[in-house]
Amino acid sequence: MLCYTHAQGREISEAVDAVGRRRDEGYLAVRAQVGIPGLPDVYGTGSGSITNTASDNALPTEEVWSTAKYLPRIPELFEAIRAAHGPDLHLLHDSHHRLTPIEAARLGRDLEPFRLFWLEDAVPAENQEGFRLMRQHTTTPLAVGEVFNTIWDAKLLIAEQLIDYIRTTCVHAGGPTALRRIMDFASIHHVRTACHGAADMSPICLGANLHLDLWAPNFGIQEYSGYSEEMLSVFPHAWRFADGYLHPGDVPGHGVEFDEAEAAKHPYQRAYLPVNRLEDGTLWHW
């Protein structure tokens with residue numbers, strides 16, 4: 001199954017180089033993110049840690065956000081990536097639900113010359129009517145669904161073909177049986193699968209997703225952000241990556257084991273994703 005990974009940088013040149021390294025590793029599809037001028041590090045743009053371990057406090061890290069500074073930056077990023085790496089590499093981008101529908105529509109239109117594989121999580125997913133407005137203004141493919149929990153969360157978006165990729169994953173959607181219902185429903189509405197696969201989804205989740213991916217007639221792509229060596233030692237697995245693709249392996253079941261003795265070497269540490277505030281202090285979508 002075709003998979004994509006992540007590349008990012010604080011500056012555009014750094015992000016372009018990171019995309020090149022991922023291509024050299026064999027990836028055919030890369031999600032690219034970049035820092036925003038005038039703002040501190042934002043989640044997913046190259047800071048040392050994506051989470052706050054909360055060792056000294058019980059609160060998530062607060063970041064600063066500006067949509068006005070973000071919107072012109074992203075087309076510049078993908079113009080530079082295309083100039084450096086050509087037209088064949090599949091490119092993706094994640095807006096982390098931070099935009100209004102008209103802002104997302106403007107971004108989608110500005111990105112059309114660079115032919116993105118998709119624009120992900122452009123608006124908050126709770127108000128799904130916003131996807132209609134985006135559809136009216138851009139042909140950039142749209143992806144959403146990593147925060148969805150049931151087929152009902154995705155029903156309107158799929159039935160009205162307001163998205164191109166549904167990103168629900170096994171551990172959020174109720175397991176393989178429930179996720180298969182979503183995939184089946186999507187297949188008759190020209191919506192492809194794209195299971196969420198960030199590092200906080202365990203290798204067991206990835207193993208289950210990959211078996212569904214291999215079955216799905218409407219498979220699109222699988223997110224694969226990779227795992228630390230410690231994580232892989234705790235979860236011996238049959239799935240494998242080569243030349244831009246993942247395969248679930250040939251052993252029975254989902255093909256992933258859990259080494260309890262190895263896990264005991266890594267005590268739990270509380271961690272949070274960040275929260276965002278606008279430059280005036282207003283709390284905003286992360």
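How far is the sulfur of cysteine 3 from the closest cysteine sulfur? The gap is 13 Å, and the partner in question sits in cysteine 195, so the two are too far apart for a bond. Before going on, a word on what you're looking at. This is a predicted model, where local features need pLDDT of at least 70 and side-chain atom pairs count only at pLDDT 80 or more, while totals for chains, interfaces and linings use all residues. Residues are numbered from 1 along each chain as its sequence is written, and side-chain values use heavy atoms, with hydrogens and water left out.

**Cysteines**

A disulfide is a covalent bond between the sulfur atoms of two cysteines. Here, a pair of cysteine sulfur atoms has to be within 2.5 Å to be called one. Searching the whole structure turns up zero disulfides.

**The chain as a whole**

Let's zoom out. The chain has 10 helices and 13 strands. These are DSSP runs numbered from the N terminus: helices are H or I with at least four residues, strands are E with at least two. The radius of gyration is 19 Å, close to the 19 Å that the globule rule gives for 286 residues, so the chain is as compact as a globular protein of that length. (That radius is taken over C-alpha atoms, and the rule is 2.2 Å times the number of residues to the power 0.38.) Along its principal axes, the C-alpha trace spans about 50 × 50 × 35 Å. Of the 286 residues, 49% are buried.

**The eight-stranded sheet**

Strands of a sheet pair through backbone hydrogen bonds, either parallel or antiparallel. Two strands count as paired if DSSP finds at least two bridges between them. Eight strands make an open sheet with parallel pairing, in the order β8-β7-β6-β5-β4-β2-β1-β9. At its edges stand β8 (192–193) and β9 (222–223), each with a single partner strand, so one side of each is left without a neighbour in the sheet.

Further in, β4 (residues 90–94) and β5 (residues 118–120) pair in the parallel sense over three bridges. Leucine 92 stands opposite tryptophan 118 in β5. Helix α2 (residues 67–85) lies across β2 (29–34) and β4, running at about 165° to β4.

**The three-stranded sheet**

There's also an open sheet of three strands, in the order β3-β12-β13, and its pairing is mixed. Here β3 and β13 are the edge strands, each with a single partner strand, so one side of each has no neighbour in the sheet.

What makes it mixed? β3 (residues 62–65) and β12 (residues 275–278) pair in the parallel sense over four bridges, whereas β12 and β13 (residues 283–284) run antiparallel and are joined by two bridges. Asparagine 276 in β12 stands opposite glutamate 63 and also opposite tryptophan 284 in β13. Finally, β12 and β13 form a hairpin with four residues between them, and glycine 281 in the turn has a positive phi of about 100°.

How values were computed
Contact means heavy atoms within 4.5 Å. Axes are lines fitted to C-alpha atoms, for helices over the stretch in contact, and angles run from 0 to 180 degrees between N-to-C directions. Buried means under 20% relative accessible area, exposed over 50%, partly exposed in between (1.4 Å probe, protein chains only).
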